[in-house]
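Subject: Structure for you, with notes

Hello,

Here is the structure you will be working with. My notes on it follow below.

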Amino acid sequence: MLLSYVTLEEPYHHLMLEASSILKERNVIVEDPFSKELDDLVSDCHKYLSSVDEVMIRRAFRLSYWAHRNDRRASGELYISHPLAVARIVAHEIRLDDISVGAALLHDVVEDTDLTIEIIRSEFGEQMALLIDGLTKIRGIYSNRALGQAENVRKLILSMAQDVRVIFVKFADRLHNMKTLEILPHAKQLKIATETLSLFAPLAHRFGLQRIKTELEDLSLKILEPEAYSAIISGLKGSRQERETHIHRFIVPLRKSLIQHGFDFEVKGRSKNLYSIFQKMRKQNKPLNEIYDVFAIRIILNSEGAKGKEDCWRVYSIITDLYKPLPERFRDFISVPKSNGYQSLHTTVLDAEGHRMEVQIRTQGMHEIAERGVAAHWKYKEGTDAMDVKMDQFLTWVHDLMENPDAEQATEFVQEFSLDLYTDEIYVFTPRGDIKTLPKGATPVDFAFQIHTDVGFHCIGAKVNGKMVPLSHKLRSGDQVEVITSKKMTANPGWIKFVVTHKARSRIRHQINEQRREAVRYGRRLWDKKSKRARIKLTEDELNRLAAQFKYSTVSQMFYEISSGLLDIQDLIQYVRTGDAPESEEMVDNQDSQASYLEHAQDHGSETLLINGERIKGLALIYASCCNPIPGDAVFGYTSKGGTINIHRTGCRNAAHLFVNHPDRIQSCAWSRQKDVRFIVGLRVLGEDRVGIIHDLTTVISRNLKTNIRSISVKTEDGFFEGTLILQVSDLEHLKRLIERIKRIDSVRGVYRFEE
């Protein structure tokens with residue numbers, strides 16, 4: 001049951017009074033299609049939250065309903081359906097608190113309606129206002145959309161440092177948007193899905209929200225790689241009966257043994273999420289039927305504390321008595337939890353038929369942390385010292401993200417922050433035996449900055465397990481690291497090439513930027529001194545024009561090159577006096593090379609694509625060598641600064657960076673009717689080595705399928721061969737025919753497309 005409203009238009013200065021009236025007046029009610037959904041939301045709150053202010057939640061709903069009364073979603077449904085769905089996710093999936101549910105209901109009112117933060121603060125208090133402000137995008141004019149987007153992400157992270165609940169509501173918001181993405185134009189779907197996969201899914205992983213993370217990944221895969229998504233769904237469906245039979249055979253003796261030993265437990269068999277399977281297929285260059293670890297067994301014990309940990313190890317012992325373990329696949333995340341709080345024992349064993357089976361062992365409490373991560377810690381934050389310590393670790397990480405960022409580097413900050421989220425972890429020790437968690441590939445410099453920023457800046461060397469190693473040395477789990485420092489040392493700009501943590505990169509880059517700013521100031525002082533001597537005085541506009549004449553994007557760049565000795569001030573003075581600007585041979589060569597390149601690109605690609613639904617004659621197109629798209633592939637265009645359009649596959653490894661940081665340059669593309677155009681594609685062929693295999697390959701490709709081979713190389717080892725073929729094909733159908741025909745060659749065991 002909802003409050004009805006009569007008046008729709010009121011002067012803005014009456015807005016606060018009208019909002020207050022809507023919240024206080026409860027006697028005018030009508031039947032409404034959302035009344036049941038509101039009741040279901042309140043029911044979820046009572047079921048999953050520790051305490052519930054039902055009056056506040058219903059007031060938040062009424063205000064959101066009223067504020068969005070004239071708004072509809074792209075699907076045509078009333079807008080209130082979205083905040084309601086977001087609130088249900090917060091209550092049912094994340095299970096934070098009632099204030100977070102209220103914030104979910106109101107998360108768009110300040111951004112999309114005339115309501116203000118002041119109204120939220122006066123009606124719901126400071127905590128609610130802080131959450132809504134953190135969820136509201138920055139309004140303003142930026143030099144490009146990428147910068148505006150980056151600033152909004154950084155604002156979200158900053159708000160997260162003030163109240164971590166902000167990011168949880170944002171996860172719920174993004175999840176519901178991804179579930180309803182199909183109604184939007186395809187180009188916008190690609191942009192949102194790419195941003196979700198590169199930023200929000202790994203951020204959800206960092207906060208331990210496993211279910212939300214996997215759902216965001218799978219929904220993104222559905223948009224970005226629709227063919228792969230459908231193929232995996234179909235493959236899993238086709239093997240479902242066989243898989244269930246296999247899991248049942250594995251579980252029966254295990255369940256019997258656990259019951260005999262008196263354990264209170266639950267056993268589940270589950271498939272890994274679709275995106276994880278897709279990543280394994282791509283990484284291993286194998287089809288689905290050759291990926292063996294697509295499902296796992298999870299054992300959840302109803303015991304906690306020290307007994308719970310002990311029981312996990314006892315269950316592990318029982319499993320390895322029944323089945324042969326693979327020692328290299330064992331992981332102990334109970335003794336050393338992951339940085340997001342995840343705890344579990346992982347092992348892989350061989351069943352009676354020799355098939356691999358991954359088994360995870362954890363307690364019910366560990367399972368809740370595994371599924372809901374920091375949200376579970378938040379719920380119990382006042383319960384135990386261990387929970388308080390874990391929450392402090394998370395909040396320290398969030399605060400650390402915002403320490404000393406360069407204000408003008410928002411886009412760069414978001415890019416590096418994204419790279420820091422989704423990496424495997426290693427565990428290394430200080431000389432005193434304290435454990436530090438670092439991403440895989442971390443170096444002693446990353447370790448030094450993890451200890452303290454000053455330790456990182458003054459690092460001059462490191463010992464790993466008692467031996468001196470280069471600062472670029474990649475650490476491994478179990479290493480003991482000792483950092484050697486000197487007060488005379490400062491961070492080396494070259495470290496930026498091998499460090500992997502956000503903290504190390506941001507601190508080093510901050511120092512580099514500060515050094516650059518000092519160089520620019522020195523260059524300006526040199527210009528001021530010599531131009532004054534030459535009796536030349538230029539305004540800032542005239543300096544900008546002077547920099548442009550010498551092919552510099554900014555005056556700062558020009559002053560930097562003066563301070564570096566790369567630009568002679570006398571050349572500038574000469575131009576100001578005579579109008580003659582020296583042009584280097586290198587500059588001319590570059591221009592000629594660029595013109596020739598555009599000519600070449602235009603000759604080979606001007607009639608192959610529709611850009612934003614139109615065939616544009618004479619448009620310079622370049623097919624990106626990072627992913628080598630061919631007709632039939634799902635593609636998008638990226639407009640370079642030079643005006644050419646680079647065509648990438650939507651699954652290209654560079655797509656995430658382009659969509660997130662340069663959305664204004666993305667073009668929607670579709671293949672048009674082809675002329676006699678050929679495209680480069682790479683294939684990897686695997687199989688058993690035998691006499692004549694190269695002859696058979698070349699015969700099938702060149703003679704039978706009339707396909708030009710650009711290059712072929714074959715390596716053999718232990719009776720097997722791996723061949724790399726670079727071919728020219730006309731479209732995706734041509735490529736599929738090639739792959740199917742090569743697969744039929746005797747002794748060939750696999751044919752896979754690769755990008756580079």
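Is F330 buried, partly exposed or exposed, going by its relative accessibility? At 24% relative accessibility, F330 counts as partly exposed; the scale used here calls a residue buried under 20% relative accessible area, exposed over 50%, and partly exposed in between, with a 1.4 Å probe and protein chains only.

Before the rest, two notes on the source. This is a predicted model, in which local features need pLDDT of at least 70 and side-chain atom pairs count only at pLDDT 80 or more, while totals for chains, interfaces and linings use all residues. Residues are numbered from 1 along each chain as its sequence is written, and side-chain values use heavy atoms, with hydrogens and water left out.

Overall

The chain has 756 residues, of which 50% count as buried. Its secondary structure comes to 29 helices and 22 strands; these are DSSP runs numbered from the N terminus, with helices being H or I of at least four residues and strands E of at least two. Among contacts (heavy atoms within 4.5 Å) with a separation of 6 or more, 67% are between residues 24 or more positions apart.

Cores

A nonpolar core here means a set of buried Ala, Val, Leu, Ile, Met, Phe, Trp, Tyr and Cys residues joined through side-chain atoms within 4.5 Å. The largest one has 115 residues, and L41, F168, F171 and I299 have the most contacts inside it. Helix α11 (residues 186-206) gives the most to this core, namely 9 residues. Leaving aside residues up to four places away in sequence, F171 touches F200, L203, A204, F207, L209 and I212. Another core lies apart from it, with 28 residues that include C669, L727, L732 and I739. As background, nonpolar side chains tend to be buried together in soluble globular proteins.

Helix α7 (residues 117-124) has I117, I119, I120, E123 and F124 buried. Seen down the axis of α7, these buried residues fall within an arc of 160 degrees, so they line one face of the helix; the arc is that of the directions from the helix axis to the C-beta atoms. Just after α7, G125 takes a positive phi of about 100 degrees.

Helix α16 (residues 305-322) has 18 residues, which at 1.5 Å a residue should span 26 Å, and its end C-alpha atoms are 26 Å apart, which agrees. The expected span is 1.5 Å times one less than the number of residues. Buried in α16 are G308, D311, C312, V315, Y316, I318 and I319. They cover an arc of only 165 degrees around the axis, which puts them on the same side of α16. A306, K307 and D321 are exposed on the other side of α16. For C312, the relative accessible area is 0%.

Aromatic pairs

Rings of Phe, Tyr and Trp (its six-membered ring) count as a pair if their centres lie within 6.5 Å; planes under 30 degrees apart are stacked, over 60 edge-to-face, and the rest tilted. The whole structure holds 11 aromatic pairs. In one of them, the rings of W313 and F330 have their centres 6.0 Å apart and their planes at 50 degrees, so the pair is tilted. This pair links distant parts of the chain, 17 residues apart: W313 is in helix α16, and F330 is in the loop between β5 (324-325) and β6 (331-332). W313, at 33% relative accessibility, is partly exposed.

The rings of F333 and Y342 have their centres 5.9 Å apart and their planes at 70 degrees, so that pair is edge-to-face. Both F333 and Y342 are buried. F34, F61 and Y65 form one aromatic cluster.

Other points

There are 0 disulfides in the structure, taking a disulfide as a pair of cysteine sulfur atoms within 2.5 Å. C459 is buried, at 0% relative accessibility.

T443 sits in the loop between β10 (435-439) and α20 (444-451). T443 is buried, with a relative accessible area of 0%, and touches L471, S472, H473, L475, F498 and V499, not counting residues up to four places away in sequence.

Most residues other than glycine have a negative phi. R535 has a positive phi of about 60 degrees although it is not a glycine. R535 is in the loop between α22 (502-533) and α23 (540-549) and is exposed, with a relative accessible area of 80%.

Regards
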